[in-house]
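Me: Hey, can you walk me through this protein? I'm new to reading structures.

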Amino acid sequence: LSIPKVDLQQHSGIVTCRLENPHGTQEETARLDILAAPLITTQLPKQEEIVSGKDVTLRVVVRGSPRPEAQWFFNETPIAPENTSYDEEKSEYQLLLKETSVATSEGTYRVVLKNDLGETESTPCVLTVLEPVKLTKIAPTTEVVDLKVGEAFEISVDVDGKEAPKVQLTKDAPLNIVQPLNDINVLMGQSGTFSFVCDAFPAPKVTWFMNDNELKNSTKHKIEAKQNVYILTVNKCENTDIGTYRAVIDNGIDKGEQTAKLNVGTKPTVVGKPTDAQVQIGQPARLQVQFAGQPLPDITWSRADGQPLGENVKIANDENGLAVLVFDSTILSDKGSYVAKATNIVGSVEQKINLDVKEIKPTIIRDLEAAINATKGEPMTLTIEATGNPKPTVRFFRGTDELVASEGQIELKESEDGQTFTATILSIQPNQQGDYTATVQNTGGMAKSKKCKVTVTKTPTFIRTPQDLTVADKSEAIFESEIDAFPSAKITWLKDGKPLTVKEGVEIQAQADKGLYTLRIPQVDTTKHMGTIICRAENAIGTTEHSLQLNVTTAPTLKTQLKDLEVLRGQDAIFSIDIQGYPIPEIIWSRADKVLEEQNETIAFSDDRKQLIIRNVQIENEDEYNVRIVNEFGEVTSKAKLNVLELPEIQPLLEDKNIQIRQQIEYSTTITGRPLPEIQWLKNQKPLNASPPHINIETIEEDVIKTTLRIDNIQSDDDGTYTIRVKNRAGQKESSSKLNILAKLTFIKKIQDENVIQGQPISFQCQIEAIPKPKITFYLNDQELKSGGKIKIESKGDLNTLSFSKVDLIDSGIIKVIADNGLDKEEISAKLNVCLKPTLVGKPTDAQVSIGQPARLQCAFTGLPMPELKWSRADGQPLNEGIEIANDENQGIAALVFNTTTMADKGAYLVKATNLVGSVEQKVNLDIKEIKPTIIRDLEAAINATKGEPMILTIEATGNPKPTVRFFRGTDEL
């Protein structure tokens, strides 16, 4: 709010900023004081009347700043300030006159107002004090008068009062409220009117109150009485006008009250633009509308089509005018328009909002498998998972033919959750192969599955297996089998892992369509055909086989002879034979002609006695073992030798060792094994065949092998892993020792302090003896240095070098070397001083003074470090006494101070500046000038001497050296 030109009457006072919207109102106030002389905006009334004994307040509204002082006058006499007051809010000056009377109060009143900017005076107000009417009845003298119809009667009274009273004859009547005062509801900013009708005589006085505060006629409140109708109008109603209003009615005979409430409000309105909702069926939904109004409205919901709300619908309105309709799970019948109606005391408003419920088109969440390989005669199941709302139906097809449920052939099922659908062919056959599909459909649409290619196969299965046969040599043998498979199986008959063919004298017949397969051997040959024959059936899906036995009556034969065994002591030795003969021959095992019998702990046989098992073989089990095979047609024998071996052993095993350089170490161990092993010493997995002279290997072989490896005067090159490796027919073993050569970390050569001129190269070298070899790190002022730029770090053997190609001033500091090999850690340090040779700063000035005056010779030098300064005379003579050397070496100032010069001080002086990296000299001259005599008080111009008395001539003179004075008379010296 900007006021370009403030006006006292228009703008001074309380400024109110009101904020309002449909939800409410808020106000803030500020006071604007305008500096101005007093200005009366509301004058005193020219006349005022008051009944004697009553109080009266005279008021004047004045603008002015600073606030004016008021002086009230009664008939030109100042009034004491006790009965005066000031209402700051109204800028109103008040004078209260209590219990007025004609004698003390009737007269002329005025007020004078004054501030620093001026003064003003109100118009005078004449106050008239009215005295009440006095009524004295003269006749009749009695209180009750009997009147006769048609006759006159007379009442006589004396009436007195100021002003002259009006006389009226009335008949008294009590209050009669014909129409009471009622509550009213008013729109914000509009006017509200209370009214009631009251019959009474005399006419009553009506006083209006709001919340017990008396109301007067004002711009806010208008009080009216029209005959017997009494009206209070509240203009431009605001929140502050809300309350209880009371009318007090009094006509002197009867009293009464009427009360009613004024409610101020704003009509309900819709805040913003509500958004229609669109959801898929089954999803939750929420419709909401924000209403505003004062007071907050009551909200109801209904369907626009007049139907009741569904059971799944909840009304969730809040207390802040938010209308909410919640659908936990929508159904199709929820679709439609809904109406939210907001109603309060001053009006109502409706808002329509739409809910659109969309059906969910079926969605396949797990499609048919791309391919199914079904087993012939087994169930085959197609599975699809889909969602949709309403719940979809699923149909399965083979090509264009729909699968229809039929008992014992096809089953169609649906899961409890309605998402998984299956079609199962209970016994699928090859003629049911093909492309299968499914459709998923509801009212929202249809989805079609991908194709599923179903193939029918069956791994070969024996329906009838071939049976074992025993036949005589050269007779016929026939084996028959029946096999179910899809695709048809390939049948192979095998003997000893090889297929039987016509070459082996067999005939093979097949009826694949019936699954019948036959092996016929017209003339059985013991060598070719006796034994186990395998019938193998295979197709692309799988393989199965069945073994059968063909026995030919014949004497025993050995297919494979016994073989010599070499077995580790403690392991089991197993002798095996493969024999042929029928009837099944007896097998007899022996050791040195002694028949072996089964012993649980040591000797065991396989069930068919084709294996002899010797458990936990020991040296004493070493021997020759025999086997004899016999039946009614003959016998056969075989023998083999058992050799018992022992793994090599090393005792003790080598252990890792740490040893100091130049000491001796020895490894000694004993080797066992059966047979005695070969041994080999290695260093770092390389044989020590041509070992250095200080390495010696000694080996003594008896029942065991004792071997020693000794290393004398150990050097750093001897560090490594030493291994002894032993090997015999039973196996190999080795043991290793990591030999760590140690040398205490010692700096043989240390880095030294260095002074170097800026820009010159410098190197630091240190030599270190240590095993293990240490990691060397250089630091400058505790910052690690690395090769690069002007810095180069080298390590050759045990010599480590740090080099600077050139040094700068910032390189000054402490060079530190840290050596760390994990066992020891040492460090050394040295100073690197990057220096500047002394140089003369500027050009020194020779000094020239008069004799006796002080003198100062001065030169400025710089250098790093700052140079030491020394003075001398150029002629080699010592400095005279009294000369002060006043050098400031911190600042590089060389100064020679002469407090008083003499002629002997005259000459050339040398100053020499010296630091760690050089020196410089500078010559400065001091010239001493003599001072010519000067007469400062001459002889008097004339002297009148008395004869016989002394006469003195006086002269005063200066000069340096001190002058001599001679007096003359004429040319004759005195």
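Predicted model: local features only at pLDDT ≥ 70, side-chain atom pairs only at ≥ 80, totals over all residues.

Reply: Below we talk through some sheets, a pocket and a few single residues.

Me: OK, sheets. What is the strand order in the open sheet that has β3 in it?

Reply: The order is β3-β5-β9-β8, and the pairing is antiparallel. Strands here are DSSP runs (E, at least two residues), numbered from the N terminus, and two strands pair if DSSP finds at least two bridges between them.

Me: Which strands are at the edges?

Reply: β3 (36-42) and β8 (84-87), each pairing on one side only. From one strand to the next, the twist averages 30 degrees; the axes behind that are lines fitted to C-alpha atoms, with angles from 0 to 180 degrees between N-to-C directions.

Me: How many bridges are there between β3 and β5?

Reply: There are 4, with β5 covering residues 56-65. In β5, Arg63 is the bridge partner of Leu39.

Me: What holds strands together anyway?

Reply: Strands of a sheet pair through backbone hydrogen bonds, either parallel or antiparallel.

Me: What about the sheet with β30, what order does that one have?

Reply: That open sheet of 4 strands goes β30-β32-β36-β35, with antiparallel pairing. Its edge strands are β30 (360-366) and β35 (410-414), and its twist averages 25 degrees from one strand to the next. β35 pairs with β36 (residues 420-425) over 5 bridges, and Glu414 sits opposite Phe421 in β36.

Me: Changing topic: how much space is in the largest pocket?

Reply: About 750 Å³. A pocket is an open set of points on a 1 Å grid over the protein atoms alone, where a 1.4 Å probe fits, with protein on both sides within 12 Å along at least five of seven lines; lining residues have an atom within 4 Å of a point. The volume is the space filled by probe spheres set on the points.

Me: And which residues are closest to its centre?

Reply: Of the 15 lining residues, those are Asp87, Glu89, Lys90, Ser218 and Thr219. The elements giving two or more residues to the lining are β1 (13-21), β2 (24-32) and β9 (92-97).

Me: Is the lining polar, nonpolar or charged, and how does it divide?

Reply: It divides into 1 nonpolar, 6 polar and 8 charged. Asp, Glu, Lys and Arg count as charged; Ala, Val, Leu, Ile, Met, Phe, Trp, Tyr, Cys and Pro as nonpolar; the others, Gly among them, as polar.

Me: Now Asp241. Buried or exposed?

Reply: Asp241 counts as buried because its relative accessible area is 5% (buried is under 20%, exposed over 50%, partly exposed in between, with a 1.4 Å probe and protein chains only). Asp241 is in the loop between β20 (229-234) and β21 (243-250). A polar atom of the Asp241 side chain lies 2.8 Å from the backbone nitrogen of Glu238.

Me: What does β20 pair with?

Reply: With β19 (residues 221-226), antiparallel, over 6 bridges. The two form a hairpin with 2 residues between them, and Gln227 in the turn has a positive phi of about 55 degrees.

Me: Last one: where is Ile815?

Reply: Ile815 is in strand β72 (residues 813-820). Ile815 is buried too, because its relative accessibility is 0%.

Terms used
Residues numbered from 1 in each chain as written. Heavy atoms only, no water. Polar contact = N/O pair within 3.5 Å; in protein donor to acceptor, adjacent residues only side chain to side chain.
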